[in-house]
Amino acid sequence: MNIFGLFERRVGEALDRLAAAGRIPAGIDTSKVLVEPPRDSTHGDLATNAAMAVAKAAKANPRQLADLIAEDLRTDPRVVGASVAGPGFINIRLAPHVLHDVVRAALADPAGYGRSGQGAGQAVNVEYVSANPTGPMHVGHGRGAVFGDALANLLAFAGYDVTREYYVNDAGAQVDVLARSAFLRYREALGEAVGSIPEGLYPGDYLVPVGQALAAQHGPALRDMPEAEWLPLVRSVAIDAMMAMIRDDLASLDIRHAVFFSERSLTKGEADKIGETIAELRARGLVYEGRLPPPKGQLPEDWEDREQTLFRATEFGDDVDRPLLKSDGSYTYFAADIAYHRSKFERGFTSMIDVWGADHGGYVKRMQAAVNAVSGGTAKLDVKLCQLVKLLRGGEPVKMSKRAGDFVTLREVVDEVGRDPVRFMMLYRKNDAPLDFDLAKVLEQSKDNPVFYVQYAHARCASVFRQAGEAFAGRVPGSDALAAADLSVLTDEAEIELERRIAQYPRVVEAAALAHEPHRIAFYLYELSSVFHGLWNKGKDLPQLRFVKHDDERSTVARLALLGALKAVLASGLGTLGVSAPDEMR
RNA sequence: GGUCCCGUAGCUCAGCAGGAUAGAGCAGCGGUUUCCUAAACCGAAGGUCACAGGUUCGAAUCCUGUCGGGACCA
């Protein structure tokens with residue numbers, strides 16, 4: 001139940017009636033009509049810009065038009081007041097039962113309240129993490145992982161059919177380096193003194209077990225083979241080990257992908273999906289042999305003006321056409337990426353979201369151009385860039401770990417502070433804003449720590465239910481009693497404000513899903529918690545506002561109903577973020 | 001040299017699809033505990049929304065340019 005959507009339609013009906021009565025022209029554009037929370041809740045429960053949004057097309061004065069719309073709205077039994085303010089806003093005051101119905105809706109279906117049909121089952125592919133399988137995940141990967149996962153949750157909740165996908169870069173030069181690094185550990189496991197790890201190989205300890213496993217499996221057999229023979233073997237074992245480690249790291253954050261798409265599979269055996277993709281684009285005139293203009297400014301030393309196989313990215317808004325083949329004739333990464341995104345399209349996705357690190361920002365235009373090209377303009381790619389994470393402890397930058405090589409692993413951070421703080425803090429910021437993550441601060445149990453603040457609100461709700469159970473000798477009101485509660489006793493402004501906030505949840509979900517911005521859920525939950533904590537403390541001064549009233553079961557049940565709805569929204573929102581909603585804090 | 005992101009209170013950041021008097025938190029100031037968890041709350045104070053133009057009935061929000069910070073590319 002989304003009262004904003006409900007009243008958007010209601011305002012639309014009012015406009016239709018005005019058109020039917022000849023007061024405004026028929027068929028004018030009403031797409032800009034919004035019903036939203038008023039800036040100040042003293043104005044009312046809902047506000048609409050309808051009069052201003054259509055005034056121009058209707059060739060009417062916004063205030064006069066607003067008067068007409070307001071007049072229509074006042075005939076609605078759900079509306080107790082509609083007034084025109086400012087340049088033509090209409091502020092709507094709802095009958096109390098409308099907000100009470102929202103509370104009842106949340107109680108009736110705690111997990112389903114806020115769910116939206118917005119996506120209408122449309123298939124969306126969300127690709128996130130896609131870290132190279134060459135080592136453990138670091139904190140930066142973690143941000144993309146948490147963001148992508150929460151976005152996928154959010155879209156699913158908003159009614160999309162979401163596929164969570166990981167692109168495994170198991171075909172490039174890095175995995176050959178990985179194989180050579182693992183081979184060194186293999187020789188080490190056989191008893192050779194390998195000394196310090198040479199420059200250019202991965203030094204991390206995490207390859208030691210891979211070397212040991214290879215030694216246990218093959219004995220010295222690999223040692224005397226030429227590299228061309230052992231490399232594919234070692235590479236495959238090492239990649240599997242790295243992916244197992246990465247999956248494990250992700251599981252510690254409760255992140256699980258449905259599809260792991262292998263880059264190597266694009267060219268495995270007889271298949272050459274990359275060549276196929278290039279041929280198809282060439283047939284459509286989007287690939288040609290040509291020369292690129294030299295870059296402006298200072299010429300790089302290795303610049304050579306030569307003919308290359310190029311994709312016409314400029315036809316789709318990119319700045320320059322992009323090479324598909326390297327000088328040695330092998331495919332560029334970009335060529336593989338085109339084939340990969342073509343595979344998404346062939347699998348039925350016309351809506352794709354890629355979550356990348358900000359360092360790949362320069363890649364966005366060409367990838368969008370490619371998706372546009374392979375889908376004939378029917379598919380859309382949104383790229384969400386996650387900015388860097390700066391890891392701090394008490395304001396001081398955290399030193400690199402030796403274990404991993406040269407970075408702090410995600411696992412170390414999760415092990416230290418726990419899943420919930422990591423997830424919440426990474427979502428309590430826009431994805432394109434840099435993030436300072438302070439290990440000391442996220443463990444603080446105080447209002448300075450938003451994770452704690454929101455979880456505490458949920459725990460407080462649970463606590464009230466426990467208190468009520470004691471107060472009424474174990475007769476905790478069941479869901480039937482709550483559903484039947486007489487909510488007319490909820491008359492304090494703080495209680496009504498809490499109802500209003502609860503009523504906003506479906507709208508927040510839809511807006512966040514539409515914008516691909518899960519952080520809006522996190523901020524909403526913080527504000528919702530704040531309203532609740534305020535109401536709670538009001539009960540300290542005014543005993544009549546306490547949730548549990550030993551001498552008044554009727555109003556206690558009504559307040560428990562309100563809290564039940566609140567608890568449902570907190571749990572639902574936290575669930576979307578992938579953060580737990582505890583019943584007590586320890 | 002070019003592309004992308006960012007610039008909002010002393011600090012860290014929100015600001016929903018262009019709307020009303022631009023909001024939180026922190027820090028600082030002043031209050032609230034015989035009372036459901038003070039692990040919390042309330043109040044006052046704090047702003048040239050980087051700058052200059054443009055579009056609009058209306059711009060922090062959209063467009064152009066300049067300056068500043070960051071990421072990346074050849």
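**Exercise 1. The antiparallel sheet**

Find the residue of strand S4 that stands opposite Val84, and describe the sheet to which S4 belongs.

*Solution.* Step 1: in this predicted model, Val84 stands opposite Ile90 of S4. Step 2: strand S3 is joined to strand S4 (residues 89-94) by six bridges, and the two run antiparallel. Step 3: widening the view, we find an open sheet of four strands with antiparallel pairing, in the order S1-S2-S4-S3. Step 4: the edges of this sheet are strand S1 (35-36) and strand S3 (79-85), each of which pairs on one side only.

**Exercise 2. A proline in a loop**

Decide whether Pro38 counts as buried or exposed, and list the residues with which Pro38 is in contact, leaving aside its neighbours within four places in sequence.

*Solution.* Step 1: Pro38 is placed in the loop between S1 and strand S2 (46-48). Step 2: the relative accessibility of Pro38 is 12%, and because buried means under 20%, this residue counts as buried. Step 3: with neighbours within four places in sequence left aside, the contacts of Pro38 are His43, Gly44, Asp45, Leu46, Ala47 and Asn91. Step 4: the C-alpha atoms of Pro38 and Ile90 are separated by 9.4 Å, although these residues are 52 residues apart along the chain.

**Exercise 3. The parallel sheet and a helix across it**

Give the strand order of the five-stranded open sheet, and then state how helix H11 runs relative to S12.

*Solution.* Step 1: the order is S7-S6-S5-S11-S12, and the pairing is parallel. Step 2: strand S7 (259-262) and strand S12 (380-386) are the edge strands, since each pairs on one side only. Step 3: on average, neighbouring strands of this sheet are turned by 25° against each other, with direction ignored. Step 4: between strand S11 (residues 351-357) and S12, which run parallel, there are seven bridges, and Ile353 stands opposite Asp382 in S12. Step 5: helix H11 (residues 364-374) lies across S11 and S12, and runs at about 160° to S12.

**Exercise 4. A pair of tyrosine rings**

Explain why the ring pair of Tyr113 and Tyr505 counts as tilted, and state which parts of the chain the pair ties together.

*Solution.* Step 1: the model has a count of 21 aromatic pairs. Step 2: the ring centres of Tyr113 and Tyr505 are 6.1 Å apart and their planes stand at 35°, so the pair is tilted. Step 3: Tyr113 lies in the loop between helix H4 (96-108) and strand S5 (123-127), whereas Tyr505 lies in helix H16 (residues 493-515), so the pair ties together parts that are 392 residues apart in sequence. Step 4: both Tyr113 and Tyr505 are buried.

**Exercise 5. The nonpolar cores**

Name the residues that touch the most other members of the largest nonpolar core, and the helix that gives the most to this core.

*Solution.* Step 1: the largest nonpolar core has 146 residues, of which Ile69, Phe437 and Ile502 touch the most other members. Step 2: helix H18 (residues 553-577) gives the most to this core, namely twelve residues. Step 3: when its neighbours within four places in sequence are left aside, Phe437 is in contact with several residues, among them Val389, Leu391, Val413, Pro421 and Met425. Step 4: a second, separate core has 31 residues, including Phe261, Val287, Tyr340 and Phe349.

Technical notes
Residues numbered from 1 in each chain as written. Chains lettered and ligands numbered in written order. Predicted model: local features only at pLDDT ≥ 70, side-chain atom pairs only at ≥ 80, totals over all residues. Heavy atoms only, no water. Core = buried A, V, L, I, M, F, W, Y, C linked by side-chain atoms within 4.5 Å. Buried < 20%, exposed > 50% of the residue type's maximum accessible area, 1.4 Å probe, protein only. Contact = heavy atoms within 4.5 Å. Pairing = 2+ DSSP bridges. Axes fitted to C-alpha atoms, helices over the stretch in contact; angles between N-to-C directions. Phe/Tyr/Trp six-rings, centres within 6.5 Å; stacked < 30°, edge-to-face > 60°.
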